[in-house]
Amino acid sequence: DLHSSNYCILVGTQFAISARGSYNHIALDMAEARARGMKLISIDPVGGYAAAKADEWIPIRPGTDSALALSMLHVLLNEDGIYDEKFLKHKTNAPYLVGEDGLYLRDEASGQPLVFDAADGSIKTHDHPSLIDPSLKGARELGGRQGRPAFELLCEHVKKYPPEITEPVTTIPAATVR
């Protein structure tokens with residue numbers, strides 16, 4: 001959304017810098033966004049067109065983009081706590097309870113994924129009409145099976161990728177990732 005963005009990170013792409021691979025109107029949108037002050041970061045092993053026009057070019061070791069993404073996600077979720085909680089709770093599978101087998105806990109009758117509603121302390125289907133406050137964290141037990149929200153499991157997973165761990169892999173300094 002170049003019309004609204006104030007900060008754009010391009011990872012391994014020349015998007016909207018070179019019109020060869022995109023529509024010309026996107027190149028214009030990028031130029032207008034830059035003119036109004038949007039900051040542009042280019043993360044790419046090659047200092048190409050986007051890197052030349054960016055506010056900052058961050059060279060990355062080829063093939064290590066996923067390590068960078070996991071590290072950035074760790075910083076956002078676990079260090080800074082930057083995420084849209086309302087959106088995650090009501091528009092995604094983030095509150096779905098995941099069992100120890102890695103599968104969603106499901107309602108026996110409908111087969112629908114289950115969530116914990118913090119509003120009344122009960123487990124309900126994700127689409128139950130009385131669902132008010134789906135929980136993003138906290139283990140719950142249902143019929144002898146334990147489940148944890150998918151979001152909590154994601155946060156736990158990316159804790160393994162702080163910038164200090166990914167720095168030698170990506171060659172991007174931990175301070176730059178943060």
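This is a predicted model: local features need pLDDT of at least 70, side-chain atom pairs count only at pLDDT 80 or more; totals for chains, interfaces and linings use all residues.
Local features require pLDDT of at least 70 and side-chain atom pairs pLDDT 80 or more, while totals for chains, interfaces and linings use all residues. Residues are numbered from 1 along each chain as its sequence is written, and side-chain values use heavy atoms, without hydrogens and water.

The protein contains seven helices and eight strands. These are DSSP runs, numbered from the N terminus (helices: H or I, at least four residues; strands: E, at least two). The radius of gyration is 21 Å, well over the 16 Å given by the globule rule for 178 residues, so the protein is more spread out than a compact globule. The radius is taken over C-alpha atoms, and the rule is 2.2 Å times the number of residues to the power 0.38. The C-alpha trace spans about 60 × 35 × 25 Å along its principal axes.

The largest pocket holds about 370 Å³ of space. A pocket is an open set of points on a 1 Å grid over the protein atoms alone, with protein on both sides within 12 Å along at least five of seven lines; lining residues have an atom within 4 Å of a point. Sixteen residues line this pocket, and Ile9, Met72, Thr176, Val177 and Arg178 are the closest to its centre. Helix α3 (65-79) is among the elements that supply at least two lining residues each. Its four residues are the highest contribution.

Tyr7, Ile9 and Val11 make a nonpolar surface patch of about 260 Å². Patch residues have over 30% relative accessible area and no salt bridge, with nonpolar side chains (Val, Leu, Ile, Met, Phe, Trp, Tyr) joined within 5 Å. Areas come from the Shrake-Rupley method with a 1.4 Å probe, and only the protein chains shown count as cover for residues. Tyr7 lies in strand β1 (residues 7-11).

Salt bridges number 10 (a side-chain nitrogen of Lys or Arg within 4 Å of a carboxyl oxygen of Asp or Glu). One joins Arg34 to Asp55, with the closest N and O atoms 2.7 Å apart.

Key
Patches are made of residues with over 30% relative accessible area and no salt bridge: like charges are joined within 9 Å, nonpolar side chains (Val, Leu, Ile, Met, Phe, Trp, Tyr) within 5 Å. On a 1 Å grid over the protein atoms alone, a cavity is a set of points where a 1.4 Å probe fits but cannot get out, and a pocket is an open set with protein on both sides within 12 Å along at least five of seven lines; lining residues have an atom within 4 Å of a point. Grid points are joined across faces, edges and corners, and a volume is the space filled by probe spheres set on the points.
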